[in-house]
Amino acid sequence: MRVHFIQHVSFENPGSLLQWAKNMGHQIHITRVFNEEPFPEPDQYDMLIVMGGPMGIYQEKKFKWMTAEKTCIEQAIHAAKKVMGICLGSQLIASVLGAGVYAHVQQEIGWWPIFPSNPHPLSQILPQPLHCFHWHGDTFDLPAHAVSLFHSDACTQQGFIYQNHVLALQFHPEIEMHLLLQMLQHGKHELINAPFVQTEHAIIKQTEKFLPQQYPFLIKLLNMFLKDQFE
């Protein structure tokens, strides 16, 4: 399978998603937006994975590439490709599908549990409880005809599935230690005193406890998502 990643900033790479793709023997291609690389056409990949980033999807005037990226995502969806978005990627997908994306009343940074929102094969594989890594200040409305999969105490929309081939996740299941440390290095200024924002010390300490759960969950999620149809 040909997997194409869209990476927005140098310090938010595909993490363990890259490990999964290599382990599976998939062909890997990456559009590095920060290097002004071109977005792919739908016939160049089988699965499109859109990564995170610190920008907001409503900042198209500041980030000139964003309009073209939304077109790329829209083309992928219309071509019925497998499309997956993480954090900013999930917000871009929600926007392309016509849902509102906006600043949330709570920032959510650190290790917080997620819970299933609706009975669905993808939400039913969620271990209980599962603490996932979060780093976002924006949220989105559920797009029309999408099924909400997960929620957290701070955020109603933590993930959805659309027409069985588009998966959007607000949290970071791809997190691994190097990626986490890079995000901390570049985002320390966001670690404010707030109800759902953990300190750098707390994040690193909890990483030892919760990180081992992430990759097995991610693999189960991907295996289920990539089935031709859900059972």
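1. Helix 2 and helix 3 are roughly perpendicular to each other. Their axes cross at roughly 70° and come within 10 Å; an angle from 65 to 115 degrees counts as roughly perpendicular. This is a predicted model, and the points below should be read as comments on a prediction.

2. The residues that make the contact between these two helices can be listed. From helix 2 (residues 66–78) come Met66, Glu69, Lys70, Ile73, Glu74 and Ile77, and they meet Leu92, Ile93, Ser95 and Val96 of helix 3. By class, the contact has six nonpolar residues, one polar and three charged.

3. Helix 3 spans residues 88–96 and also holds serine 90. Is serine 90 buried or exposed? Serine 90 is buried, because its relative accessibility is 0% and the limit for buried is under 20%. The side chain of serine 90 reaches the backbone oxygen of leucine 169 at 3.5 Å. Once neighbours within four places in sequence are left aside, the contacts of serine 90 are Gly85, Phe140, Ala168, Leu169 and Gln170.

4. Cysteine 87 sits in the loop between strand 4 (82–86) and helix 3. Its phi is positive, about 55°, although cysteine 87 is not a glycine. With a relative accessible area of 4%, cysteine 87 is buried.

5. Glutamate 36 lies in the loop between strand 2 and strand 3 (47–50). Here the relative accessible area is 74%, so glutamate 36 is exposed. As background, most residues other than glycine have a negative phi, and most peptide bonds are trans.

6. The peptide bond between glutamine 128 and proline 129 is cis, with omega about -10°. Proline 129 belongs to the loop between helix 4 (121–124) and strand 6 (130–140).

7. Threonine 31 is in strand 2 (residues 27–32). Its relative accessibility is 2%, so threonine 31 counts as buried. Leaving out neighbours within four places in sequence, threonine 31 is in contact with His4, Phe5, Ile6 and Gln7, and also with Glu37, Pro38, Phe39 and Pro40.

8. Tryptophan 112 lies in strand 5 (residues 101–116). Which backbone oxygens does the side chain of tryptophan 112 reach? One is that of isoleucine 109, at 3.3 Å. Another is that of phenylalanine 196, at 3.2 Å. Beyond four places in sequence, tryptophan 112 is in contact with Leu130, His131, Cys132, His134, Pro195, Phe196, Val197 and Gln198. Tryptophan 112 and cysteine 132 are 20 residues apart in sequence, and their C-alpha atoms are 5.7 Å apart.

9. Isoleucine 192 is in the loop between helix 5 (177–187) and helix 6. This residue is partly exposed, because its relative accessible area is 42%, which falls between the limits of 20% and 50%. Setting aside neighbours within four places in sequence, isoleucine 192 is in contact with Gln107 and Val197. Isoleucine 192 and isoleucine 109 are separated by 83 residues in sequence and by 9.5 Å in space, C-alpha to C-alpha.

10. The crossing is right-handed. Met177, Leu180, Leu181 and Leu184 of helix 5 meet Glu200, Ile203, Ile204, Thr207 and Leu211 of helix 6. Seven residues of this contact are nonpolar, one is polar and one is charged.

11. Helix 6 (residues 200–225) has a further partner in helix 1 (residues 16–23): the axes come within 11 Å and cross at roughly 55°. Helix 1 and helix 6 are therefore oblique to each other, and helix 1 passes helix 6 in a right-handed crossing. Ser16, Leu17, Gln19, Trp20 and Asn23 of helix 1 meet Tyr215, Leu218, Ile219 and Leu222 of helix 6. The residues of this contact divide into six nonpolar and three polar, with no charged residue.

Key. Residues are numbered from 1 along each chain as its sequence is written. This is a predicted model: local features need pLDDT of at least 70, side-chain atom pairs count only at pLDDT 80 or more; totals for chains, interfaces and linings use all residues. Side-chain values use heavy atoms; hydrogens and water are left out. Helices (H or I, at least four residues) and strands (E, at least two) are DSSP runs, numbered from the N terminus. Buried means under 20% relative accessible area, exposed over 50%, partly exposed in between (1.4 Å probe, protein chains only). A polar contact is a pair of N or O atoms within 3.5 Å; within protein, one must be able to donate a hydrogen and the other to accept it, and residues adjacent in sequence count only if both atoms are side-chain atoms. Contact means heavy atoms within 4.5 Å. Axes are lines fitted to C-alpha atoms, for helices over the stretch in contact, and angles run from 0 to 180 degrees between N-to-C directions. Angles under 35 degrees count as roughly parallel, over 145 as roughly antiparallel, 65 to 115 as roughly perpendicular and the rest as oblique. A crossing is left-handed if the near helix is turned anticlockwise from the far one by less than a right angle, and right-handed if clockwise. Ala, Val, Leu, Ile, Met, Phe, Trp, Tyr, Cys and Pro count as nonpolar, Asp, Glu, Lys and Arg as charged, and the others, Gly among them, as polar.
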